[in-house]
Amino acid sequence: MANVSWLTVERARRVVPGLLGLFWFLVLLVAR
Amino acid sequence: MNPSYSHVADHLSDLASFGARAPVIGILAIATFGVADAVAARVVISASRTAAVALILAGVAGLVIAAARIHCSEGAAGCPRSVVDDSTWTDVLHGQAVVVNALAFFVAMMACAAGRVGAGRAAWWRPTVVVLAVLGLGFLSQAIGEGAVGAWQRGWLLTNSVLLLLVTARTPAGTQEGRG
């Protein structure tokens, strides 16, 4: 089984702002 | 919705403008970047207070950008710029908030690179943050001129998002608000 110790709930919570940004960046790539 | 809108040539702000069809998408997109900056401030505050303050400023400016919508009376596509006589106070405020957002975000990233965010981590981290921040600011400065403003602005948003991911993921565990 792959070692996924770097993927924690804590870290997932922290990267929410960046993920939000990436999501809306993708929306703006297609929306017009 | 805005059939002739160009992702390359037209500004992002045009999608959120008075005159655009379904402006809520553009408004939400811009506002979300402001909210993301403010949320990121909460993550990095214990590692760099300067970065957190700058991110809050960037976040507030982002919300102002979303709220102070520009005017595109003939629709989002090909919305003209620099027509001073047609500018309202919201157009002017919008432009000023873009500058504040960009500079505050840049300062925040420099503070992250210089501070304890990412401390003890891989050697590539600090130079990557600095290079991406400079690249992002370069993209946005290109968007001030004529040409592929939409493409430059999207490049700026992409670097913003990646930087937020980098600085929040690399904040040392245990240094966040509410943890010692």
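Chain B has five helices and zero strands, where helices (H or I, at least four residues) and strands (E, at least two) are DSSP runs numbered from the N terminus. This is a predicted model, in which local features need pLDDT of at least 70, side-chain atom pairs count only at pLDDT 80 or more, and totals for chains, interfaces and linings use all residues. Residues are numbered from 1 along each chain as its sequence is written, and chains are lettered from A and ligands numbered from 1 in the order in which they are written.

User: How do I judge the overall form of chain B, and what radius of gyration does chain B have?

Analyst: The radius of gyration is taken over C-alpha atoms, and the globule rule is 2.2 Å times the number of residues to the power 0.38. With 180 residues, a compact globule would come out near 16 Å, and chain B has 17 Å, which agrees. The C-alpha trace of chain B spans about 55 × 30 × 25 Å along its principal axes.

User: Which residues of α2(A) are buried?

Analyst: Count neighbours: a residue is buried if 20 or more other C-beta atoms lie within 10 Å of its own, exposed if 12 or fewer, and partly exposed in between, with C-beta atoms placed from the backbone. In α2(A), the buried ones are A:P17, A:G18, A:G21, A:W24, A:F25 and A:L28. Seen down the helix axis, they fall within an arc of 130 degrees (taken from the directions from the axis to the C-beta atoms), so they line one face of α2(A). On the other side, A:L26 and A:V30 are exposed.

User: What do the buried residues of α2(A) pack against?

Analyst: Two residues are in contact if their C-beta atoms, placed from the backbone, lie within 7 Å. By that test, the buried residues of α2(A) pack against α1 and α5 of chain B. The whole contact takes 17 residues from chain A and 25 residues from chain B. On the chain A side, the largest share, eleven residues, comes from α2(A).

User: And the core: how many residues does the largest one have?

Analyst: A nonpolar core is a set of buried Ala, Val, Leu, Ile, Met, Phe, Trp, Tyr and Cys residues joined through C-beta atoms within 7 Å. The largest here has 57 residues, and B:V167 is among those with the most contacts inside it. Leaving out residues up to four places away in sequence, B:V167 touches B:A40, B:V44, B:M109, B:C112, B:V117 and B:V129.
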